[in-house]
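Good morning, and thank you for coming. Please look at the structure as I bring it up.

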Amino acid sequence: SLSRRARTSQLCAWLGTLRHRSDATESGRGHLLPWSAAASATATPVCSPSQQAPAPHRAPLLGAAEAVGRRSGGHAMSLQWAGYGLEALTFNADNGFLEAILRGYKSNLLSAADYNNLAQCDTLDDIKLNLNGTDYAPYIQNEPSPLAVSRVVDRCTAKLVDEFRHLRANATGPLAEFLDYLTYAPMIDNVVLIVMGTLHERTVDELVPKCHPLGMFDSIASLAVASSMQELYRLVLVDTPLGRYFSDTLSSADLDEMNIEILRNTLYRAYLDDFHAFCMRQGGATATIMADLLAIEADKRAITITVNSIGTELTRDDRRRLFSSFGALAGQGHEALAACDDFDQVRAVVERVPEYASAFSRITQAEAQALDRAFYELESKRLVLSFEQQFHYGIFYSYFRLREQEIRNLMWVAECVSQKQKNRVHDGLVIPW
């Protein structure tokens with residue numbers, strides 16, 4: 001058996017590796033790197049607490065580390081730089097139950113075999129019959145015939161919303177705030193929908209049913225009856241969690257002049273920057289994994305904005321202001337994207353990031369609409385990988401993103417079946433397994 005001194009030396013080396021990974025995260029967050037790369041790195045641990053002052057929020061752990069050091073012949077070590085691995089000590093006390101529930105939800109996502117069975121369906125009733133053998137059964141089995149594609153999507157979305165509300169009702173502390181952030185994206189879509197409807201003088205009865213249920217809030221109906229853009233701006237500012245994004249980036253005058261998509265992307269930029277900053281404050285595995293996942297979303301939006309704004313009146317500076325402050329393309333990549341005038345220039349910029357080069361190699365100018373699908377495929381694989389690690393909030397983000405992709409897949413299958421285009425079913429599916 002190993003002596004106490006040898007075991008302590010091994011512990012120092014392990015903690016040094018974790019500190020190296022944490023430092024790599026601090027210095028390069030938002031850059032897409034293989035998650036396993038940092039694990040193989042080595043670092044020389046500092047074995048004197050005087051050389052590394054403990055962070056205030058980890059101070060209670062320092063005494064235990066010094067005690068271990070004294071019992072091991074003076075090899076005291078500061079656990080400040082061991083924080084990356086210590087979330088395992090307390091995570092399960094507050095979040096272990098919800099993580100177990102979530103992993104159970106994840107095991108019931110549709111498999112490749114399920115999609116193959118759905119691809120053989122001839123009618124929407126056949127799709128309903130197949131879904132009766134899955135977790136969607138309680139939500140769709142009592143739907144009357146004939147089914148509509150929109151009804152299938154609505155019932156599948158209802159399952160996602162029920163699962164989210166169950167988790168949110170039982171969440172506490174930082175996890176509760178993390179789950180709240182997941183509702184802000186559909187909330188932005190709902191507010192933009194209301195703004196668009198108000199500009200076109202649509203009624204409340206038309207607009208509210210089209211809103212995403214995960215992004216609903218108490219005063220959403222009052223937004224739809226706002227008599228002016230100034231009143232709508234005031235209601236959003238006061239009555240929704242999005243108020244800080246409006247106040248920081250927009251004024252009431254902007255709503256009259258701004259293009260709706262510019263409004264949407266301005267709010268999404270503020271939201272992603274805020275969500276990214278929140279995740280970085282959590283530290284540990286949550287910061288590492290969420291930095292990678294959010295970077296994909298930020299880069300996808302930057303590339304999409306660039307492609308869609310080519311040939312429009314959007315200036316280089318205006319385009320640049322719509323990009324998030326992080327991501328693999330942040331900095332020089334964003335500057336280069338802002339200056340692009342055609343799709344080939346966009347391709348040249350994006351292919352500097354190896355993870356994106358393979359996706360762009362399959363897209364031509366005529367197939368620019370396939371951009372979203374290429375990023376969905378890349379993101380789905382990263383989302384699945386996040387479940388390989390425990391004790392972090394990233395799996396909650398990953399699960400709901402995977403469930404949203406599953407609903408998009410079901411909508412595509414249902415549309416193909418209803419339009420008698422079964423031969424195209426597999427063309428639009430994104431299966432992460």
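This is a predicted model: local features need pLDDT of at least 70, side-chain atom pairs count only at pLDDT 80 or more; totals for chains, interfaces and linings use all residues.

Which residues have the most contacts inside the largest nonpolar core? They are Phe178, Tyr271 and Phe275, in a core of 91 residues. A nonpolar core here is a set of buried Ala, Val, Leu, Ile, Met, Phe, Trp, Tyr and Cys residues joined through side-chain atoms within 4.5 Å, where buried means under 20% relative accessible area with a 1.4 Å probe, protein chains only.

Residues are numbered from 1 along each chain as its sequence is written, and side-chain values use heavy atoms, without hydrogens and water.

Beyond its neighbours within four places in sequence, Phe275 is in contact (heavy atoms within 4.5 Å) with Phe178, Tyr181, Leu182, Met290, Leu294 and Tyr397. A second, separate core has 25 residues, including Ala302 and Tyr356.

I turn now to Glu297. Is this residue buried or exposed? Glu297 counts as buried because its relative accessibility is 8%. Leaving out residues up to four places away in sequence, Glu297 touches Leu272, Glu379, Tyr397 and Arg401.

How values were computed
Buried means under 20% relative accessible area, exposed over 50%, partly exposed in between (1.4 Å probe, protein chains only).
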